[in-house]
Amino acid sequence: MFFKIWGIVLLLNQLLFYHFCLKPNCIISALPHTGIISAVL
């Protein structure tokens, strides 16, 4: 369940804040804070 929420939060984050940048460096920079947000949810 956690990974489904994390995936959704990660995609929304990339769409809203990184202009849908799906390059590996964009994804890696988003992992820590999206992980924390997902853990809280």
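User: Which residues is Asn 13 in contact with, leaving aside its neighbours within four places in sequence?

Analyst: Contacts of this kind show what a residue meets beyond its own stretch of chain. In this predicted model, Asn 13 is in contact with Tyr 18, Ala 30, His 33 and Thr 34, once neighbours within four places in sequence are set aside. Asn 13 itself lies in helix H1.

User: Is Asn 13 buried or exposed?

Analyst: The relative accessible area decides this, and buried means a value under 20%. Asn 13 has a relative accessible area of 8%, so Asn 13 is buried.

User: What does Gln 14 touch, not counting residues up to four places away in sequence?

Analyst: Gln 14 also has its place in helix H1. The residues that Gln 14 touches, with those up to four places away in sequence not counted, are His 19, Phe 20, Cys 21, Leu 22, Cys 26, Ile 27 and Ala 30. Gln 14 counts as buried, because its relative accessibility is 0%.

User: How are two packed helices described?

Analyst: Two packed helices are described by the angle between their axes and by the distance between those axes. Here, H1 packs with helix H2 (residues 24–40) at an angle of about 125°, and their axes are 9 Å apart. The two helices, H1 and H2, are therefore oblique to each other. Their crossing is right-handed.

User: Which residues of H1 and H2 make the contact?

Analyst: On the H1 side, the contact is made by Phe 2, Ile 5, Trp 6, Val 9, Leu 10, Asn 13 and Gln 14. On the H2 side, the residues include Cys 26, Ile 27, Ala 30, Leu 31, His 33 and Thr 34. By class, the contact of H1 with H2 has eleven nonpolar, six polar and no charged residues.

User: How many aromatic pairs are there?

Analyst: Ring pairs are read from the distance between centres and the angle between planes. The count comes to three aromatic pairs. One of them joins Phe 2 and Phe 3, which are edge-to-face at 5.4 Å centre to centre, with 70° between the planes. Phe 3 and Trp 6 form an aromatic pair that is stacked, at 6.2 Å centre to centre with 25° between the planes. Phe 3 and Trp 6 both lie in helix H1 (residues 2–17), three residues apart, about one turn of the helix.

User: What do the ring pairs link into a cluster?

Analyst: Phe 2, Phe 3 and Trp 6 are linked into a cluster by ring pairs. Phe 2 is partly exposed, with a relative accessible area of 33%, and Trp 6 is partly exposed at 21%. Phe 3 is exposed, with a relative accessible area of 63%.

Note on methods. Residues numbered from 1 in each chain as written. Predicted model: local features only at pLDDT ≥ 70, side-chain atom pairs only at ≥ 80, totals over all residues. Heavy atoms only, no water. Phe/Tyr/Trp six-rings, centres within 6.5 Å; stacked < 30°, edge-to-face > 60°. Buried < 20%, exposed > 50% of the residue type's maximum accessible area, 1.4 Å probe, protein only. Helix = DSSP H or I, 4+ residues; strand = E, 2+ residues; numbered from the N terminus. Contact = heavy atoms within 4.5 Å. Axes fitted to C-alpha atoms, helices over the stretch in contact; angles between N-to-C directions. Parallel < 35°, antiparallel > 145°, perpendicular 65-115°, else oblique. Left-handed = near helix turned anticlockwise from the far one by under 90°. Nonpolar A, V, L, I, M, F, W, Y, C, P; charged D, E, K, R; others polar.
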